[in-house]
Amino acid sequence: MKREEIIEKLKTIVKPYVNNQEAYENMNESSDFIKDLGVNSANLVDIVLDVEEQFNIVIDNPEMERMLDVKTAIDIIEVKTE
Amino acid sequence: MIGNDVIDLEATRVQSNWKRPGLLEKLFTQEEREVINSHNSPEIMVWVLWSMKEAAYKIYNRQTKLRSFIPLQLICTIDVSCSTVIRGVVKCNGFIYATKTVLDGNLIHTIATVNIIDIEKIEEPENSNVIKDTSGIPYQLIENEMYPVSISHHGRFYKIVSLKYC
């Protein structure tokens, strides 16, 4: 899958967990889920589970540990949806 | 070194569904899931253990400067538990933290320290002059000296804690 397609889908996924609407509207590869988008750390796991469901992939634990920002999330999804 | 984490149970009911399939497995070890499932309120135990992990992670992050989402590496054990106070330990990659969790209605508040004796030397400073260093770590400024504090807010609750300096 192309990175542009992935980020569009990711934007829909993270929407319900975002607490900073302005940062969400400007969400890009450098956005950090917690620091920028204001996602509650307890909801990071929901993003991981939603990504698994929506992209039909499995995110293992070492991958989840790195998934703190949009770029890393896209990197992980990109490899798995090749 | 000090870390804390506050949880508003009512807010968690809006923000999270801890019963979501696959969720507990990504956040809690098998032993922790057994503690959750054998508790008379699994919901409360989910958030007690989560706040223990979060409070301990704040110290771990200060000590190592490492930032990652590592719930399964923060391993909780509970030593003493009653209906209002839960004492335990969180281990993470060779580091060990003592924790004390206070339950009060919808409030869950965990304090973590490196030294177990410090856990009873906690203050909740009022009117504190808080500044942050370049890593975003908060300190209280008292007579030009910097003392570490830990701040947590969730839902209706806000808690700032520091170690008592005698």
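This is a predicted model: local features need pLDDT of at least 70, side-chain atom pairs count only at pLDDT 80 or more; totals for chains, interfaces and linings use all residues.
View 1. Together E2(B) and E3(B) make up a hairpin, with 3 residues lying between them.

**View 2. The pairing of E3(B) with E4(B).** On E4(B), which comprises residues 95-104, the pairing with E3(B) is again in the antiparallel sense and extends over 8 bridges. Lys91(B) has Ile96(B) in E4(B) as its bridge partner. The hairpin of E3(B) and E4(B) leaves 2 residues between the strands, and in this hairpin Asn93(B) adopts a positive phi near 45°.

**View 3. The fold of chain B as a whole.** Chain B contains 4 helices and 10 strands, and from the N terminus on its elements follow the order β-α-α-α-α-β-β-β-β-β-β-β-β-β. Its radius of gyration is 16 Å, close to the 15 Å given by the globule rule for 166 residues, and chain B is therefore as compact as a globular protein of that length. The C-alpha trace of chain B spans about 50 × 35 × 30 Å along its principal axes, and of the contacts in chain B with a separation of 6 or more, 56% are between residues 24 or more positions apart.

**View 4. Burial, surface and charge in chain B.** Of the 166 residues of chain B, 48% count as buried, while the chain exposes about 8,500 Å², of which carbon and sulfur atoms supply 51%. The side chains of chain B include 18 positive and 19 negative ones, the centres of the two sets lying 5 Å apart.

Key:
Residues are numbered from 1 along each chain as its sequence is written. Chains are lettered from A and ligands numbered from 1 in the order in which they are written. Side-chain values use heavy atoms; hydrogens and water are left out. The radius of gyration is taken over C-alpha atoms; the globule rule is 2.2 Å times the number of residues to the power 0.38. Buried means under 20% relative accessible area, exposed over 50%, partly exposed in between (1.4 Å probe, protein chains only). Contact means heavy atoms within 4.5 Å. Accessible areas come from the Shrake-Rupley method with a 1.4 Å probe; for residues, only the protein chains shown count as cover. Lys and Arg count as positive and Asp and Glu as negative; His and the chain ends are not counted. The place of a charge is taken as NZ of Lys, CZ of Arg, CG of Asp or CD of Glu. Two strands pair if DSSP finds at least two bridges between them.
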